[in-house]
Amino acid sequence: MNNLNKRAVPGNGRTIDIVKKGLNKRYRKERRFRVFGWAAVMISLGFLFLLFISIISNGYTAFQQTMVRLDVYLDTDVIDKDDLAGADYAKLIHEALLSVYPDVTKYNEKRKLYELVSTGAAYRLRDFVAKNRHAIGTTIQIWVPADDDVDMLIKGHIDRKTPQSRRRINDRQLAWVDHLISRGQVKKVFNMTFFTSGDSREPELAGIWGAVCGSFYTLIVTLVLSFPIGGAAAVYLEEFAPKNRWTDIIEVNINNLAAVPSIVYGLLGLAVFLNFFGLPRSVPLVGGLVLTLMTLPTIIIVGRSALKAVSPSIREAGLSIGASKVQLVAHHVLPQALPGMLTGTIIGMAQALGETAPLLMIGMVAFIVDIPAGFTDPSTVLPVQIYLWADSPERAFLEKTSAAIMVLLLFLMIMNATAVFLRRIFEKRQ
Amino acid sequence: MKKMIVISIVLVYLSILGIAQARAGAARDYISIVGSSTVYPFATVVAENFGKKTRFKTPKIESTGSGGGHKLFGSGIGVAHPDITNSSARITKSQLEKDFKNGVKEVVEVKIGYDGIVVANSRQAMVFRLNRKDLFLALAKQVPVAGNKGALQQNPYKTWKQINALLPDVKIEVFGPPPTSGTRDAFVEMAMEGGANTFTWIATLKKTDKKRYKEICHTIREDGAYIEAGENDNLIVDKLSKSPDALGILGFSFLDQNTDKIQGSFIDGVQPTFQAISDGFYPVSRPLFFYVKKAHVDTIPGMREYLAEFTSETAWGDDGYLTTKGLIPMPEKERRKYKKIVEELTPLTLDDLN
């Protein structure tokens with residue numbers, strides 16, 4: 001065909017020759033561009049993959065906890081039925097351990113033996129006795145958490161071959177642990193404590209539930225304040241505000257605020273909410289207020305662009321059939337823009353969920369054991385918990401840190417998936 | 001749509017109402033503690049045990065650093081201000097004067113034990129036998145010119161052998177905390193100043209020109225031999241186990257928890273062990289304190305009980321649970337002295353600080 005053309009119309013033939021000559025080069029260029037694009041995606045996926053691999057390989061063991069079974073004789077001399085809380089439960093635990101190894105008599109050896117189980121064992125026994133008063137005076141079997149060092153040993157984080165002086169567990173303790181294992185008194189169970197309890201300085205007792213609750217309360221405050229305020233500001237600025245110098249200044253400032261480092265909001269929160277209004281330190285209410293300030297610019301900017309994206313034909317159609325500006329916005333423009341605004345809000349929330357810097361200034365970077373039960377209870381949040389654990393000397397907190405990161409990532413994924421999901425629903429409705 | 005707007009407006013109002021309520025119900029039923037990140041690991045253990053043993057709420061502990069903690073603590077009396085501040089250095093006269101000015105008239109000082117700062121390296125390498133002079137010469141930005149009294153030069157030393165012929169011929173590479181850290185302050189004060197004092201002309205400067213003395217002792221070299229590794233001591237442990245030639249400066253509790261990976265260097269002939277620090281032989285160790293607002297003791301529930309827990313033998317004694325966390329206990333006599341202070345709540349006076 002080409003040859004035919006060429007022969008018939010010599011003038012056109014030249015153009016096609018030029019095109020043909022350059023064609024391979026253009027194809028190559030396109031292929032190269034695709035390879036670059038593909039490589040860019042692969043590199044970022046690769047890094048993400050590496051991140052996941054390192055976090056999961058470090059952290060998956062935290063979801064299991066080593067437990068030790070003890071036969072505890074609930075001595076009536078130690079437990080007074082009328083004063084259950086006052087009994088020395090640690091002593092009962094110690095006696096249970098000694099009954100297995102009666103040959104341990106020296107003070108230091110006893111101490112090493114007691115160190116096999118967590119200090120939390122006594123509190124677990126106390127709770128058991130409180131529920132089973134009739135068991136007092138008998139011997140019971142109870143599974144108690146092992147000490148973090150034993151836990152690390154069972155999970156293979158302590159090398160048995162290193163000389164005794166360099167191990168946190170000495171040879172004697174190693175022999176005890178092996179003996180207990182051979183008697184079936186040691187098992188690994190799913191670590192419920194990690195999901196149900198608050199922070200602790202003992203890795204085997206530490207959990208993220210307190211931080212999760214804190215994050216929840218903080219985000220509720222943030223959501224309840226930032227979505228209506230941000231949405232209203234976006235609608236007003238985009239739909240109603242006159243275009244003059246003042247609105248220009250406001251717009252520039254909002255864009256600037258979106259880029260302000262988050263610690264600045266913490267300082268602002270400290271000065272305004274704590275020092276001026278006198279709100280208490282370390283509470284989700286103040287945390288939520290500070291994070292509201294931080295996420296507002298994001299929500300306003302995304303909200304405005306969502307409003308801008310609503311087709312002008314809808315506005316014109318609405319106005320042409322006699323709708324007022326308010327009716328137009330409320331009935332036609334806003335429903336169209338809502339998916340975009342919601343996405344912006346959820347992205348802002350996800351940002352707020354991962355924030356620690358502004359919370360440092362208002363005292364939410366703190367050791368808090370009790371699970372917060374409301375907006376004014378002292379609490380911390382998930383990323384702060386991760387930061388605090390990463391800073392702890394005990395080896396066992398390493399895996400807890402990674403496990404907490406996994407939980408945080410899970411929440412972020414859920415939030416982002418919700419954003420996609422909501423957008424789909426709203427888009428379908430129209 | 002309308003409903004949503006109405007609901008959101010109602011929610012906003014509800015939360016504002018919540019704020020108002022929070023202000024009204026300002027009475028605090030938990031102890032608020034701030035202060036040093038070095039004392040934090042110990043105070044938190046006590047707080048946790050206190051919370052489990054008693055009917056009171058577990059105290060809230062913020063790790064703000066000694067200086068930041070004191071600022072919060074000394075800003076006034078009342079539930080908005082913390083009850084206790086932890087400190088890795090003794091309160092200064094000016095800090096106490098400021099407290100007095102802000103109405104915090106009675107401050108009780110409690111010493112809880114000691115903390116050692118160790119210079120550690122990987123188990124794969126030889127143990128270092130350093131003295132404080134070596135540390136000063138290796139890490140100061142400016143060092144004295146040999147044989148020329150009063151003259152300083154930019155730190156020329158690249159390997160440890162150049163400083164002290166007994167040390168190995170490896171590059172000087174030290175991971176340590178940044179200037180914002182209390183560990184860094186203590187290290188500079190005890191190790192660097194101690195090393196600098198071996199030069200008599202620098203030691204005399206301390207009396208004649210304190211500013212210049214501090215400049216010489218406290219300025220750490222910036223040519224890459226000293227690497228600021230962040231506030232996280234775990235990171236330093238990790239880096240040391242990966243680079244056997246490097247040394248790291250960290251708290252004793254981190255050495256105690258990682259004896260399979262790192263070892264503490266001898267300083268002035270003493271290795272950082274529990275016993276050596278407790279007996280006061282190890283030169284780079286510091287006392288740890290906390291300060292209590294006496295005015296709060298009877299208004300915040302659980303204060304007396306918390307103090308009793310902290311000063312009980314099961315906590316800070318020779319075999320107490322704090323020692324398993326790396327706190328080095330005081331001798332028994334000192335413990336009795338501070339226990340008595342806590343029981344009687346004897347406030348600190350300006351004359352006590354000298």
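I started at F367(A) and looked up its bridge partner in β2(B), which is I61(B). Strands here are DSSP runs of E, at least two residues long, and helices are runs of H or I of at least four, numbered from the N terminus. β4 of chain A (residues 366-367) and β2(B) pair in the antiparallel sense over two bridges. Pairing takes at least two DSSP bridges between the strands.

I noted the ground rules. This is a predicted model: local features need pLDDT of at least 70, side-chain atom pairs need 80 or more, and totals for chains, interfaces and linings use all residues. Residues count from 1 along each chain, chains are lettered from A and ligands numbered from 1, both in written order, and side-chain values use heavy atoms, without hydrogens or water.

Next I looked up the whole interface. I found 44 residues of chain B in contact with 41 of chain A (heavy atoms within 4.5 Å). The area buried between the chains is about 4,100 Å², and carbon and sulfur atoms give 53% of that. Buried area is the accessible area (1.4 Å probe) lost when two parts are put together, summed over both.

Then I checked charges. The rule finds five salt bridges across the interface (a Lys or Arg side-chain nitrogen within 4 Å of an Asp or Glu carboxyl oxygen). K325(B) and E394(A) form a salt bridge at 2.8 Å, N to O. Last, I looked for the main contributor on chain B's side: α2(B) gives the largest share, eight residues.
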